[in-house]
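Please look at the sequence and structure below first.

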Amino acid sequence: MKHQFEYIAFVDAEKTPGVAKKIDSTVASAQKLGLNAKSTLLAPTMSGAWGFIKALLSTNTEVLFVRFSSLLFPFLFFPFLLARLRGTKIVVDVPTPRKSVLVELKTSEPRMLVRMFKQSISLLSASWVLMPANLIVQYAQESAWYLFGVKHKTLKIGNGINIPEDLPVALSSWQADDTLNLIAVAQLADWHGYDRLLKAIAELANKPDAPKVSLTIVGEGEAFEPLKKLAKSLKIDSQVEFTGFLSGARLDAQFNNAHIGIASLGLYRIGLDEASVLKAREYVARGLSVIGAANDPDFPADSDIRLMVSNSDSTNDITTLICELPTKTLMSPSELRKYAEENLSMESKLKRILDKLN
């Protein structure tokens with residue numbers, strides 16, 4: 001039977017489970033929309049690269065999703081053309097603006113020669129590697145260099161998430177006299193900017209009219225120990241709990257006790273002034289308002305759902321926002337869940353993408 005939808009990705013599911021989860025959600029959403037859908041994940045190795053090319057050459061799907069890979073795509077130009085000649089509609093999923101990847105390489109790749117090689121491949125491949133695609137999906141604004149000749153078929157859209165019917169919703173909304181329980185869930189890295197929040201919490205301790213604040217940080221990663229040390233040095237370790245990695249019922253329990261989720265606060269550190277952060281959407285689906293930095297295509301700047309702070313090192317705007325929360329009317333957990341289902345679900349995003357192909 002001919003598959004109507006296939007997602008092919010060059011990814012290590014064990015090392016990047018979040019990416020694999022997103023792909024699984026996309027395929028599951030395609031199935032919910034009535035499509036015969038499957039995914040093909042290939043390890044980022046030489047044999048995996050050859051398998052990727054063979055998969056392109058042999059696919060008989062109607063709609064082909066391909067996750068962008070800067071190192072692999074220069075070799076896929078002609079396989080893409082052959083797939084197009086067979087009638088396949090190709091959607092290239094670009095998870096992070098390529099201009100931002102160049103900036104991120106400066107810190108993520110310590111080997112100078114390797115870094116220069118990767119940057120050169122990205123710059124030289126420019127936009128021509130995307131030209132065979134029918135549609136290019138971006139989640140934040142791209143630079144003119146990478147949009148040259150393909151801007152007309154580029155769709156900027158917010159990330160979608162899978163929202164299971166049994167996903168628990170937060171138990172209660174925050175009342176001004178209660179302790180404000182914040183939760184931050186991530187594979188902890190510097191660009192999450194949680195150090196800004198810790199410094200803000202320390203400053204709030206010296207403001208007599210400020211709400212009482214507690215913070216739960218769930219996750220591990222390179223920033224885990226630096227954040228613990230910072231909390232201790234700021235003398236707020238009694239207000240901050242580091243749980244490490246949690247899942248299932250233990251993670252649900254932390255969300256049940258939370259009032260507001262903390263999305264990325266340091267996107268400027270990787271050159272982003274706009275991003276479609278998955279975690280922000282997961283918070284809303286669980287019935288939590290969100291504090292985040294930088295623009296997001298799914299939330300207007302004056303949204304009562306995603307409360308914006310500056311995309312900078314400043315802590316003043318964070319403390320000001322928290323101090324003003326008692327005067328704000330936040331949406332209830334059930335209202336937030338409804339908003340997520342109608343606007344942030346993978347099904348709603350995928351339907352919009354598929355409509356663009358017709």
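## Basis

The structure is a predicted model.

## Nonpolar cores

The largest nonpolar core has 65 residues. Within this core, Leu182 and Leu215 touch the most other members. Helix H7, residues 194–204, supplies the largest share of the core, with seven residues. Another core lies apart from it and has 24 residues, including Phe68, Ile90, Ala133 and Val150.

Which residues does Leu215 touch, not counting residues up to four places away in sequence? They are Leu182, Ile183, Ala184, Leu197, Leu198, Ile201, Gln239, Val240 and Glu241. Leu182, which Leu215 touches, is the residue named with Leu215 as touching the most other core members.

## Helices H1 and H13

Two packed helices are described by the angle between their axes and the distance between the axes. For helix H1 (residues 17–32) and helix H13 (residues 346–357), the angle is about 70 degrees and the axes are 9 Å apart. Angles of 65 to 115 degrees count as roughly perpendicular, and H1 and H13 are therefore roughly perpendicular to each other.

On the H1 side, the contact is made by Lys22, Ser25, Thr26, Ser29, Ala30 and Lys32. On the H13 side, Met346, Glu347 and Leu350 take part. By type, the residues of this contact divide into three nonpolar, three polar and three charged.

## Glu109

Glu109 lies in the loop between helix H4 (98–108) and helix H5 (112–125). Is Glu109 buried or exposed? The relative accessible area of Glu109 is 6%, and buried means under 20%, so Glu109 is buried.

The side chains of Glu109 and Arg111 are joined by a polar contact of 2.9 Å. Leaving aside neighbours within four places in sequence, Glu109 is in contact with Val114, Arg115 and Lys118.

## Two residues with positive phi

Ala126 is found in the loop between H5 and strand S5 (135–138). The phi of Ala126 is near 45 degrees, a positive value in a residue other than glycine. With a relative accessible area of 9%, Ala126 is buried.

Lys235 is placed in the loop between helix H8 (224–233) and strand S9 (240–244). Lys235 is not a glycine, yet has a positive phi of about 60 degrees. The relative accessible area of Lys235 is 71%, and exposed means over 50%, so Lys235 is exposed. Ala126, by contrast, is buried.

Key:
Residues are numbered from 1 along each chain as its sequence is written. This is a predicted model: local features need pLDDT of at least 70, side-chain atom pairs count only at pLDDT 80 or more; totals for chains, interfaces and linings use all residues. Side-chain values use heavy atoms; hydrogens and water are left out. A nonpolar core is a set of buried Ala, Val, Leu, Ile, Met, Phe, Trp, Tyr and Cys residues joined through side-chain atoms within 4.5 Å. Buried means under 20% relative accessible area, exposed over 50%, partly exposed in between (1.4 Å probe, protein chains only). Helices (H or I, at least four residues) and strands (E, at least two) are DSSP runs, numbered from the N terminus. Contact means heavy atoms within 4.5 Å. A polar contact is a pair of N or O atoms within 3.5 Å; within protein, one must be able to donate a hydrogen and the other to accept it, and residues adjacent in sequence count only if both atoms are side-chain atoms. Axes are lines fitted to C-alpha atoms, for helices over the stretch in contact, and angles run from 0 to 180 degrees between N-to-C directions. Angles under 35 degrees count as roughly parallel, over 145 as roughly antiparallel, 65 to 115 as roughly perpendicular and the rest as oblique. Ala, Val, Leu, Ile, Met, Phe, Trp, Tyr, Cys and Pro count as nonpolar, Asp, Glu, Lys and Arg as charged, and the others, Gly among them, as polar.
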